[in-house]
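Let's walk through this structure together, one contact at a time. Have the sequence and the 3D view at hand as you read.

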Amino acid sequence: MGRRVAAPEDRTAMDVDISPLIENWQFILTGLGFTLSLSGLSIVLGVGIGLVCGVMRTYGGSLLDTAIGLYVDLLRSIPVLAILVWTYFAFPLVIGESLTPFSGGVLALGVHLGAYVTEVIRAGLTSIRPGQMRAALALGMSPLQAIRTIILPQALIRMLPPLGSLIVIAVKDSAIASVIAVPELLRQSQVLAGKTFRPFEIYTAAMLIYFLICYPTARTIDQIYRRFAPLGAS
Amino acid sequence: MITRAATVERPRIGSGAAPILRFEGVCKRYGPLEALAGVTFQVNRGEVVCLIGPSGSGKSTLLRCANALESIDGGRVILDGVDVHDRRTDARKLRRRMGMVFQNFELFPHLTVLRNVAVGPTTVLGMSPPKAAERAMELLRKVGLAEKASQHPAALSGGQQQRVAIARALAMQPDVMLFDEPTSALDPETIGEVLSVMKRLADEGMTMVVVTHEMDFAKRVGSWIVVFDHGKVVEQGPPRQVFEEPTVQRTRDFLSHLGWHGESLAASDLLVHSPSNTP
Ligand SMILES: Nc1ncnc2c1ncn2[C@@H]1O[C@H](COP(=O)(O)OP(=O)(O)OP(=O)(O)O)[C@@H](O)[C@H]1O
Ligand SMILES: [Mg+2]
């Protein structure tokens, strides 16, 4: 709070003026929209990748296990910022096609998240005792039917807490897409702060908005877990 | 004392027709361990075959090999003339014809009792949910648990869970029911309700293979007894013969280890029980 802020007129740091926020609420709302759509799509992509890779890694034999293990280890060993920058600036050279900042952001964040979700799904699947699979197969189900209707639902219930934290982290991580100029909340805040010379108000508001998205999300997932946890205990 | 004269030799049930299930020299190894070392016996239609034998003798392994949950290393399992382990056989189709009941119930905890019973018909047979629910309800009534239909398995006692598991297996309308120690994980008070459901099933003519340590059940409900030891059949025959005049020393050792001394049992208390519907 005691930080000096370069401002046209001389004023103290605690001189709070929220009028730039009120005047530019649409600009901030656009940012919020991008934050939600960017994180929403990257979560869909990441969870999709994680479900498929988690199931394949668990039941697909050693070749798939090794291949997917490589993807997981690789992506978990690289900073997400580096993945994002590489996806946006270097990956287009590989595919010979440029990406919009938004699609680059979704791709990078989704693929990154997918590596973590894969491991969570795998841990969930292997935690279900083998008798459940046997019982499903004994009814005449195919392995895929057994996984879909019997094993995976239980695994998802058990893995709701770690999945919930990954989802919240994904929302927060969407802020780094500001470096490739996706006009999401943080990026819009930066622009606005530069224009209005009101960084304190604007960045504080941005932090508050992140909190107001992430905290209820975490609590809701927690509540859902509490409600369903007994159903995942075989 | 048993008077030999009273023991009339009756022919084995179903011996006139081809057996529904036949094990021919079935071998199974786990690394160096020979879990099944050439098992041969058959199950006729309408029979209740009880498999008894010491722990680790391969009884569970045999049941898992019977419906191809486990591959085999030698011999054949024939279900109604079809080689279960043949590469050209659709194991999934055959499994529908064999209902399996596990020691630990293995009910699906995320599904209601009704859905546990209906999930086989809907996913495997493609039956419509209302029709499957109707069939499930009928079976739950049969095992005396209709009023638990909307609960989840965790809310049921062990005995109730096992009765649901029996209903779940019956929902596929199998030709043979395989039971792997269905009462071993139960509290003594609830064993009777499960055994009496099984007895009723046997009375209806269901073909059953029952791995059990309940010698009373084997003697009273079993129509054919197979004694296992070290992955082999050491003796088989009708209950009267196996329990009262065992010809093999290993059978005698096993029975006396269980405190069985060959005397004829009075009607077992366990089997007089009817399933209790009290919550
Ligand atoms: N998946 C497995 N991997 C390795 N060994 C196994 C496996 N399953 C069973 N065995 C071994 O095979 C042998 C037979 O086991 P099985 O469970 O069939 O015996 P059982 O007669 O059912 O015993 P119990 O009365 O204790 O249930 C045992 O020595 C067991 O340790
Ligand atoms: Mg066993």
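We can begin at the ligand, where a polar side-chain atom of Arg64(B) lies 3.5 Å from a nitrogen atom of ligand 1. A polar contact here is a pair of N or O atoms within 3.5 Å. Before going on, please keep in mind that this is a predicted model, in which local features need pLDDT of at least 70, side-chain atom pairs count only at pLDDT 80 or more, and totals for chains, interfaces and linings use all residues. Residues are numbered from 1 along each chain as its sequence is written, chains are lettered from A and ligands numbered from 1 in the order in which they are written, and side-chain values use heavy atoms, leaving out hydrogens and water.

Tyr30(B) also reaches the ligand: an N or O atom in its side chain is 3.5 Å from a nitrogen atom of ligand 1. With Gly58(B), a polar backbone atom takes part, 2.9 Å from an oxygen atom of ligand 1. Around ligand 1 there are 14 residues, counted when one of their heavy atoms lies within 4 Å. Of these, Ser55(B), Gly56(B), Lys59(B), Ser60(B) and Thr61(B) come nearest.

Helix H3 (residues 113-125) and helix H5 (residues 158-170) of chain B have axes that come within 7 Å and cross at roughly 25°. Axes are lines fitted to C-alpha atoms over the stretch in contact, and angles run from 0 to 180 degrees between N-to-C directions. H3(B) and H5(B) are therefore roughly parallel to each other (angles under 35 degrees count as roughly parallel, over 145 as roughly antiparallel, 65 to 115 as roughly perpendicular and the rest as oblique). Val113(B), Asn116(B) and Val117(B) of H3(B) meet Val164(B), Ala167(B) and Arg168(B) of H5(B), where contact means heavy atoms within 4.5 Å.

H3(B) has another partner, helix H4 (residues 129-142) of chain B; their axes come within 8 Å and cross at roughly 135°. That angle makes H3(B) oblique to H4(B). Residues in this contact include Leu114(B) and Pro121(B) from H3(B), and Ala136(B) and Leu140(B) from H4(B).

Finally, look at chain A. Helix H2 (residues 25-59) and helix H3 (residues 61-76) of chain A pack at an angle of about 140°, with their axes 7 Å apart. H2(A) is therefore oblique to H3(A). Among the residues making the contact are Ile49(A) and Met56(A) of H2(A), together with Leu64(A) and Ile68(A) of H3(A).

Note on methods
Helix = DSSP H or I, 4+ residues; strand = E, 2+ residues; numbered from the N terminus. Polar contact = N/O pair within 3.5 Å; in protein donor to acceptor, adjacent residues only side chain to side chain.
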